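Keep the structure in view as you read.

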Amino acid sequence: MNTDGTMNTEDTTGTVDIVLAGARGHGRWHLENIRRLQDKGIVRLAGICELTPLTGEEIPDGLGTPEQSADFGALLDSTGARIAVICTPIPTHTDLALEAARRKVHILLEKPPAPSYAEFRRMADGVAAAGVACQIGFQSLGSHAVPAIRELVEEGAIGEVTGIGGAGAWARAESYYRRAPWAGKRRMNGVDVIDGVLTNPLAHAVATALALGGTTRAEDVTRIETELQRANDIESDDTSCVRVTTANGLKVTVAATLCAEDPDEPYVVVHGDSGRITYWYKQDRVLLQRAGHGPEEYEYGRTDLLENLVDHVTDGDELLVVPEATGAFMKVVEAIRLAPDPAPLPASAWHLLPDEGRRVVPGIDGLVAAAADSLALYSELGADWARPHEANEVST
């Protein structure tokens, strides 16, 4: 496979057999999506890899009785699957992807693709050497809004781009960090996990902001500043921001929290000197505001990344999110990995909502929005609990 994701596809037709590794948690979404594609007659769920087999009640109607095993490689061998969907704990991504690649099985790999840049390179280089297709599961990058926004920018709809902001104000209960042994961890048993707000739940905000700025490859990033904090009793961060300086001098700032007062839809905003474009990436909704015009709203469709991978394997369609197109995102993951451990917020900076079992940081919703609007970090916006930023000069 070439570095642009193109490959010599086999001359085959018919239903594509799939193995899903990790069918609980977020994997349930993949089960439903595979069922949707199976109903269309283009895929068949041949196997499920889980440490504990799914019960019949856990398998959606219509998926039949796929083979189950805790041995991923053996399951790929016995089913003859052509595609593996990997939705397992972050530290397992690289080894499982390479196990599939060695068997010439194509891969949909959940985000984040790896917990470190070294592991990402080991995965991406190994997959490329094996000549198989690999799609990284940033579903927002399958939205038709992304090329539409790029076209608006190229046409000069908002003038010269001055920066890009991202905002994610979400809420997660304390139980969220008890859902799995690795949840909320930076490391576990000496292995990197890096399960923080910017690298996992709101990773789409980071990846989408970088993509809209044309900053997708590792070499596009020159400097990264991080501010990592936590209100919850965890190792990793839940209230953080990052500012990326790109090779062309553009600033991309993303602020995120899982301790919002009033959780709302995350978004990315492209700032221009004569307007702005706001993209609510979970809704595929775009708002264009520009000088001399009234606001214009658009809604777009979305290409499912697994369906795109199937079409690539069977018909040679171009992949939407190849590993190299997530290199810049992985540089952000690496900067967060290398940064000092997230600072606990003082007890005065948060409170518990007993009915919801979650911690809230008063004023954080406004700070997240202000960071996306001004491209400033929390400390620069006057948050008295913010740790001064850590800057990381990036070498590629």
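For the classes used below, Ala, Val, Leu, Ile, Met, Phe, Trp, Tyr, Cys and Pro count as nonpolar, Asp, Glu, Lys and Arg as charged, and the others, Gly among them, as polar. This is a predicted model, in which local features need pLDDT of at least 70 and side-chain atom pairs count only at pLDDT 80 or more, while totals for chains, interfaces and linings use all residues. Residues are numbered from 1 along each chain as its sequence is written, and side-chain values use heavy atoms, with hydrogens and water left out.

We can begin with the pockets. On a 1 Å grid over the protein atoms alone, a pocket is an open set of points with protein on both sides within 12 Å along at least five of seven lines, a cavity is a set where a 1.4 Å probe fits but cannot get out, and lining residues have an atom within 4 Å of a point. Grid points are joined across faces, edges and corners, and a volume is the space filled by probe spheres set on the points. The largest pocket has a volume of about 1300 Å³. It is lined by 39 residues, and those closest to its centre are Arg24, Gly25, His26, Gly27 and Cys87. Two or more lining residues come from each of α1 (27–39) and α3, helices here being DSSP runs of H or I with at least four residues, and strands runs of E with at least two, numbered from the N terminus. By class, this lining has 17 nonpolar, 13 polar and nine charged residues.

The second largest pocket holds about 470 Å³ of space. Among its 20 lining residues, Arg150, Leu319, Leu320, Val321 and Ala325 are the closest to the centre. Helix α5 (residues 145–154) gives the most to this lining, with three residues.

The largest cavity contains about 60 Å³, and α6 (203–212) supplies the largest share of its lining, three residues. Its lining has eight nonpolar, three polar and no charged residues. The second largest cavity, with about 40 Å³ of space, is lined by residues including Tyr176, Tyr177, Asp195 and Asp237. Two charged residues belong to that lining, along with five nonpolar and one polar.

Let us return to α3, which spans residues 93–102 and has eight of its 10 residues buried, where buried means under 20% relative accessible area with a 1.4 Å probe, protein chains only. Among the buried residues are His93, Leu96 and Glu99. Their cover includes α2 (72–79), β4 (83–86), β5 (106–109) and α4 (117–130), judged by contact, meaning heavy atoms within 4.5 Å. After the helix comes Lys104, with a positive phi near 65 degrees.

Why is strand β12 (residues 251–257) largely enclosed by the rest of the structure? Six of the seven residues of β12 are buried, so the strand is largely enclosed. Six bridges join β12 to strand β7 (residues 161–169), and the two run parallel; strands pair if DSSP finds at least two bridges between them. Within this pairing, Gly166 has Val254 as its bridge partner. Strand β11 (residues 239–246) pairs with β12 in the antiparallel sense over seven bridges, with Arg243 opposite Thr253. The hairpin of β11 and β12 has four residues between the strands, and Gly249 there takes a positive phi near 90 degrees.

Technical notes
Buried means under 20% relative accessible area, exposed over 50%, partly exposed in between (1.4 Å probe, protein chains only).
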